Amino acid sequence: MPGTEKLSLFFPMWNEEEMIERTVAAARDTGESLVEADHIGCYEILIVDDASTDATAEIADRLAAADHHVRVVHHETNQRLGGSIRTGLAKSTGDVVLYTDADMPFDLSQLHKALRLLAIYDADIVSAYRHDRTGEGARRAVYSHVYNSMVRLLLGLRVRDVNFAFKLIRRRVIDHLELSSSGSFIDAELLAKSQRMGFHIIQFGVDYFPRARGTSTLSSPAVIADLLREFVTLHGEVRRTRPLTVARRRG
């Protein structure tokens, strides 16, 4: 099975002082185990600090100074989730990139399986879904079900858990993506545009661990309203995305 030359693990962070050190430690352990297993040649851990107002930025800089695997990009002003993901994709240097949340909603050791699936099925993106979502609360589970149904119906996106923060993406996909969303619609935009360009997306299920530290704002009324506004504004742009030739997808 062909290995990956370099893996980037990147984490958008806003006010994650309670999680950042254990998140980076878990990412480092995972990166080292993947190198030892010859699944990757090397790795980097990229933190995108979205103008945090707590100690996240200072802790991130300290971690980067102590470990050459860790890099930090600071936003001077808050650019929200979409802006942080666009920054992470642009600044990552791996030929395969994992995007996930700082609260580690799944066991990072699942990357062994994800990389194996990426190679075996010659996929371009691995997008995981949650086996059991009851831990996030009934209201958020209902919101997610309705949203996923809308995305499938209106964008034709055949993905079970659109906004779950487990996206393993090949560099050749990132090189063709032009993303516009500044909010939580970024996940649907990324996957739908990739699918429409002809990139191969595969899925597998993982155990889900709800946030235990820090505060999630993803199910707040303001965030949901913003997501729906972006859906209305950008769904036409997504649907206008055209397939790439095989040569361009593989180039």
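Select strand β4, residues 96-100: the strand is mostly covered, with five of its five residues buried. Buried here means under 20% relative accessible area, with exposed over 50% and partly exposed in between, using a 1.4 Å probe and protein chains only. Strands (E, at least two residues) and helices (H or I, at least four) are DSSP runs numbered from the N terminus. This is a predicted model, in which local features need pLDDT of at least 70 and side-chain atom pairs count only at pLDDT 80 or more, while totals for chains, interfaces and linings use all residues. Residues are numbered from 1 along each chain as its sequence is written, and side-chain values use heavy atoms, with hydrogens and water left out.

Show the side chains of β4. In a regular strand, side chains alternate between the two faces of the sheet. Val96, Leu98 and Thr100 are on one side and Val97 and Tyr99 on the other, and all are buried, so both faces of β4 are covered.

Strand β1 (residues 4-13) pairs with β4 in the parallel sense over four bridges; two strands count as paired if DSSP finds at least two bridges between them. Leu7 is the residue opposite Val96 in β4. Strand β6 (residues 166-170) pairs with β4 in the antiparallel sense over five bridges. Within β6, Leu168 is the bridge partner of Leu98, and Arg170 is that of Val96.

Seven strands form an open sheet of mixed pairing, in the order β3-β2-β1-β4-β6-β5-β7. The edges are β3 (70-74) and β7 (201-206); each has a single partner strand, so one side of each is left without a neighbour in the sheet. On average, neighbouring strands of this sheet are turned by 20° against each other, direction ignored. Axes are lines fitted to C-alpha atoms, for helices over the stretch in contact, and angles run from 0 to 180 degrees between N-to-C directions.

Helix α3 (residues 80-91) lies across β1, β2 (40-49), β3, β4 and β6, and runs at about 155° to β1. Helix α7 lies across β4, β5 (125-130), β6 and β7, at about 135° to β5.

Stay on α7 (residues 186-197) and pick Glu189. Is Glu189 buried or exposed? Glu189 counts as buried because its relative accessibility is 0%. Its side chain reaches the backbone nitrogen of Ser180 at 2.7 Å. The side chain of Glu189 also makes a polar contact with that of Lys193, at 2.8 Å. A polar contact is a pair of N or O atoms within 3.5 Å; within protein, one must be able to donate a hydrogen and the other to accept it, and residues adjacent in sequence count only if both atoms are side-chain atoms. Neighbours within four places in sequence aside, the residues in contact with Glu189 (heavy atoms within 4.5 Å) include Leu234 and Val238.

Finish at Arg249 in helix α9 (residues 246-250). Arg249 is buried, with a relative accessible area of 18%. A polar atom of its side chain lies 2.8 Å from the backbone oxygen of Leu244.
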